[in-house]
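I am opening these notes to record, step by step, what I looked up in this structure. The entries follow the order in which I went through it.

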Amino acid sequence: MDGTRRTFLGTALGLAATAGLTGGLTGGLTGGLGGTAHAGESCGRRRIPPSGLGMHLYTMRTPLATDFKGTLARLAEIGYATVGVSGRHGNSAAAIRRMLDETRLKAVLEHVAYTTLTGAGLPGALEDIHTLGARWAVVPSLPGAMHTPAGFREAAREFNRVGEAAREAGLGPLLFHNHGSDHAVVDGENLFEILLTETDPELVGFELDVYWAADGGADPRSLFVRHPRRFPALHVKDRAPDGGFADVGSGVLDFAAMFDTARSGGVRQWLVEHDSPTDPFATALNSYTYLSRLRY
């Protein structure tokens, strides 16, 4: 574990200890819905704008597989305004757009495989982003064989090319979604920093998954300041005390501290995600309630 990760997680766990593990952190260990005040919830007057509070649909993949429109409707009832599309479950982009319009939700992005965007599928993928009414195509991950400095430099070149195509198509920059291994130091080089420094800020941005950033040793607060306007979207995912996934507001990550510099980072969308929810709708409700009340 490098110094950045020790500092970030150590601060979070230290705050939890100071609070007696009773929710003294933002995202305290006892959860955000039981009336316990969390440090960070009262440290400012800023809030996530309602139009920026969304759900990444990977969280809802199980109910979506059997009732896509009904799942969207329930998310809208909870209060979500936007979604990130990740898996269509047999639906076309046009069919998903109709269901989004009928439930008054807006797609802001779609995850599209690296091989699709860098290959012959690029024009169709960009057209589908338009059809969904979204702004960003997102590369969800890179092939494992590319996790070397040379591989990430190749990816950076490809991202610039695809980002240029997206701009020509009238869309926003291409985005990349990180995992913990993307922050690894290989042969003395931080892989994620290669993407940050070797891509054109006008063409390429990032959908930062804050759980995986912390897992990989990165501090979102610092990233937002050092690389302004590069992070238009976030995956807001909480970390359980044992390192697993948690509903937002029930784990150990200090979201108020993370979001303190979000304006510098250019954040416009806060998309809830949980990789393995026991009850996706309970996760959706718990996470929305916490984030809608958060002040930072």
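How close do the axes of α4 and helix α6 come, and at what angle do they cross? I noted that this is a predicted model, and in it the two axes come within 8 Å and cross at roughly 20 degrees, with α6 covering residues 122–132. Since angles under 35 degrees count as roughly parallel, that makes α4 roughly parallel to α6. I also recorded that the crossing of α4 and α6 is right-handed.

Next I listed the residues at this contact. From α4, Ala93, Ala94, Ile96, Arg97 and Leu100 meet Asp128, His130, Thr131 and Leu132 of α6. Sorted by kind, the residues of the contact of α4 with α6 come to five nonpolar, two polar and two charged.

**The other partner of interest: α3**

I then turned to helix α3 (residues 68–78), which packs with helix α4 (residues 93–103) at an angle of about 35 degrees, the axes being 9 Å apart. On the α3 side I found Phe68, Lys69, Leu72, Ala73 and Ala76, and they meet Ile96, Met99, Leu100, Glu102 and Thr103 in α4. The residues of the contact of α3 with α4 divide into seven nonpolar, one polar and two charged.

**The barrel**

In what order do the strands close into a barrel? I traced eight strands, in the order β1-β2-β3-β4-β5-β8-β9-β12, and the pairing is parallel. From one strand to the next, the twist averages 30 degrees.

I followed the start of that order in detail. Strand β1 (residues 53–56) and strand β2 (residues 82–85) run parallel and are joined by three bridges. Within this pair, Gly54 stands opposite Thr82 in β2, while Met55 stands opposite Val83 in β2. Moving on, β2 pairs with strand β3 (residues 106–111) in the parallel sense over four bridges, and here Val85 stands opposite Glu110 in β3.

Are the faces of β2 covered or open? Both are covered, with Thr82 and Gly84 on one side, Val83 and Val85 on the other, and all of them buried.

**Helices across the strands**

Helix α7 (residues 149–168) lies across β4 (136–139), β5 (174–177) and β8 (204–209), and I noted that α7 runs at about 140 degrees to β5. Helix α8 (residues 191–198) lies across β5 and β8, running at about 145 degrees to β8.

I looked up His227, whose place is in the loop between α10 (220–226) and β9 (233–236). Is His227 buried or exposed? His227 counts as buried because its relative accessibility is 11%, and the cut-off for buried is under 20%. Leaving aside residues up to four places away in sequence, His227 touches Glu193 and Leu196.

**The whole protein**

The secondary structure of the protein comes to 13 helices and twelve strands, and buried residues make up 55% of the 296 residues. Among contacts between residues at least 6 apart in sequence, 78% join residues at least 24 apart.

Note on methods:
Residues are numbered from 1 along each chain as its sequence is written. This is a predicted model: local features need pLDDT of at least 70, side-chain atom pairs count only at pLDDT 80 or more; totals for chains, interfaces and linings use all residues. Side-chain values use heavy atoms; hydrogens and water are left out. Axes are lines fitted to C-alpha atoms, for helices over the stretch in contact, and angles run from 0 to 180 degrees between N-to-C directions. Helices (H or I, at least four residues) and strands (E, at least two) are DSSP runs, numbered from the N terminus. Contact means heavy atoms within 4.5 Å. Ala, Val, Leu, Ile, Met, Phe, Trp, Tyr, Cys and Pro count as nonpolar, Asp, Glu, Lys and Arg as charged, and the others, Gly among them, as polar. Angles under 35 degrees count as roughly parallel, over 145 as roughly antiparallel, 65 to 115 as roughly perpendicular and the rest as oblique. A crossing is left-handed if the near helix is turned anticlockwise from the far one by less than a right angle, and right-handed if clockwise. Buried means under 20% relative accessible area, exposed over 50%, partly exposed in between (1.4 Å probe, protein chains only). Two strands pair if DSSP finds at least two bridges between them.
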